[in-house]
Structure formats: C-alpha cells, structure tokens
Amino acid sequence: MNMALQDRQKRGFKRFLRSFGYACQGLKHVIQNEQNMQIHLFVAAVTLMAAWTLSFSLTSWMILLLVIAGMFSMEIMNTAVERTVDMITDDYHPLAKRAKDIAAAAVFVYCLFAAIIGLMLFLPPLLELWVLL
Ligand SMILES: Nc1ncnc2c1ncn2[C@@H]1O[C@H](COP(=O)(O)OP(=O)(O)OP(=O)(O)O)[C@@H](O)[C@H]1O
C-alpha cells in the first residue's frame with residue numbers, strides 16, 4: 001500500500017498535524033508561484049494598515065478580515081482548479097479553457113464585491129478625517 005493511502009487510514013492528532021503540514025505546503029506553493037496571490041497579499045497588508053490607522057470598530061475589523069480571508073481562499077481554490085486542469089491535459093482543450101475561466105470568474109466576482117465592501121468600510125472614516133482636516 002502506498003504512503004498516501006496508509007496516511008488516509010490513520011486517525012488522531014498526528015493525522016491532523018500531517019494535514020496541517022500539507023495545507024502549509026499548498027499555501028507556500030500558491031504564494032511563491034501565483035502573481036495574483038502576491039498582489040492580494042500586498043493589498044491586504046495595505047488595507048490592514050489603513051484600518052489600523054483609521055481605528056476601525058470591532059465590527060468593521062471582523063468584516064474586513066472575513067473579506068480578506070475569502071479573497072485568499074478564492075485565489076487558493078482557483079489555483080487548485082488550474083493545477084487539476086493542467087494535470088488532466090497539457091494540450092489546448094475548450095473544456096480546459098472553460099474550467100479555468102469559470103474558476104477565474106469566481107475570483108473576479110468575489111473581488112468586485114470585496115472592492116464594494118472595502119469602499120463602504122473605508123469611505124465614511126476617510127470622509128470624516130477629511131472634514132476634520
Ligand atoms: N489546457 C488549456 N486548454 C485551453 N485553454 C487553456 C488551457 N490552459 C489555459 N487556458 C486558457 O488560456 C488563457 C490564459 O491562461 P494562462 O495560461 O495565462 O493562465 P492559467 O493557466 O489559467 O493560470 P496560471 O498562469 O496562473 O497558471 C485562459 O483563458 C485559460 O483558460
């Protein structure tokens with residue numbers, strides 16, 4: 001029996017730790033290889049610093065963190081779809097294109113709404129600051 005199948009039959013904390021390790025490997029791969037993920041990381045860092053400077057309320061922090069986490073998860077799942085399609089075919093295939101484009105569309109839709117929520121979160125405190133200056 002191969003290692004992966006043996007692993008699947010194990011239970012308990014050790015298995016949990018191993019799964020955590022695999023998830024970290026996946027995360028490392030996406031961060032190192034996907035330019036979009038690096039852009040998301042940069043935007044997230046800037047937004048978090050801005051939220052800190054503007055003294056966001058607890059509710060605003062929770063919404064912001066949820067949106068950022070969703071954005072990262074979307075990009076990670078998109079990469080998983082891309083890699084799966086690449087494994088199935090190296091050649092041009094209309095269905096491969098369809099699958100990748102639809103996965104990319106999921107990220108795009110999320111990004112669009114994340115930007116709207118971002119404006120709703122940041123505009124009021126920014127306007128308040130502007131009035132005070
Ligand atoms: N095997 C394939 N067959 C048909 N179309 C493909 C295939 N692989 C990618 N495409 C399409 O080519 C276009 C450009 O894809 P591109 O190679 O730039 O990115 P990707 O493979 O989707 O992602 P990444 O560059 O992050 O690996 C997209 O519309 C994608 O759907």
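Where does UniProt place the feature "active site"? The unreviewed entry puts this feature at Glu-75; UniProt positions are given in the numbering used here, feature names are shortened, and annotations may be inferred rather than shown by experiment. The model is a predicted one, in which local features need pLDDT of at least 70 and side-chain atom pairs count only at pLDDT 80 or more, while totals for chains, interfaces and linings use all residues. Residue numbers start from 1 along each chain, following the sequence as written.

On the overall fold, the protein chain has 5 helices and 0 strands, and its elements run α-α-α-α-α from the N terminus on. Helices (H or I, at least four residues) and strands (E, at least two) are DSSP runs, numbered from the N terminus. Along its principal axes, the C-alpha trace spans about 70 × 45 × 20 Å. The radius of gyration comes out at 20 Å, whereas a compact globule of 133 residues would have one near 14 Å; the radius is taken over C-alpha atoms, and the globule rule is 2.2 Å times the number of residues to the power 0.38. As for contacts with a separation of 6 or more, 65% of them join residues 24 or more positions apart, a contact being a pair whose C-beta atoms, placed from the backbone, lie within 7 Å.

Back to Glu-75: this residue lies in helix H4 and is buried, because 23 other C-beta atoms sit within 10 Å. Setting aside neighbours within four places in sequence, Glu-75 is in contact with Val-30, Glu-34, Asn-36, Met-37, His-40 and Val-107.

The "binding site" annotation in the unreviewed UniProt entry covers Arg-15, Tyr-22, Glu-34, Glu-82, Lys-100 and Asp-101. These positions do not all gather at one spot, because they span 87 residues in sequence and the farthest two C-alpha atoms are 34.5 Å apart. Arg-15 is found in helix H2 (residues 13–33) and counts as partly exposed, because 13 other C-beta atoms lie within 10 Å. Lys-100, found in helix H5, is likewise partly exposed, with 16 other C-beta atoms within 10 Å. Not counting residues up to four places away in sequence, Lys-100 touches Val-81, Glu-82 and Val-85.

The largest nonpolar core has 7 residues: Ala-51, Leu-64, Ile-68, Met-71, Met-74, Ala-114 and Leu-121. Such a core is a set of buried Ala, Val, Leu, Ile, Met, Phe, Trp, Tyr and Cys residues joined through C-beta atoms within 7 Å. Helix H4 (58–88) and H5 are the elements that give two or more residues to this core, and H4 supplies the largest share, 4 residues. Ala-51, for its part, touches Phe-56, Ser-60, Trp-61 and Leu-64, leaving out residues up to four places away in sequence.

The "transmembrane region" feature from the unreviewed UniProt entry sits at residues 37–55, 61–81 and 102–123. Residues 37–55 are 89% helix and 0% strand, with end C-alpha atoms 27 Å apart. For residues 102–123, the chain is 100% helix and 0% strand, and the end C-alpha atoms are 31 Å apart.

Ser-55 lies in the loop between helix H3 (35–53) and H4. Although not a glycine, Ser-55 has a positive phi of about 50°; most residues other than glycine have a negative phi. Ser-55 counts as exposed because it has 8 C-beta neighbours inside 10 Å. Ile-39, found in helix H3, is exposed too, with 11 C-beta neighbours inside 10 Å.

Notes
Buried ≥ 20, exposed ≤ 12 C-beta atoms within 10 Å, placed from the backbone. Contact = placed C-beta atoms within 7 Å.
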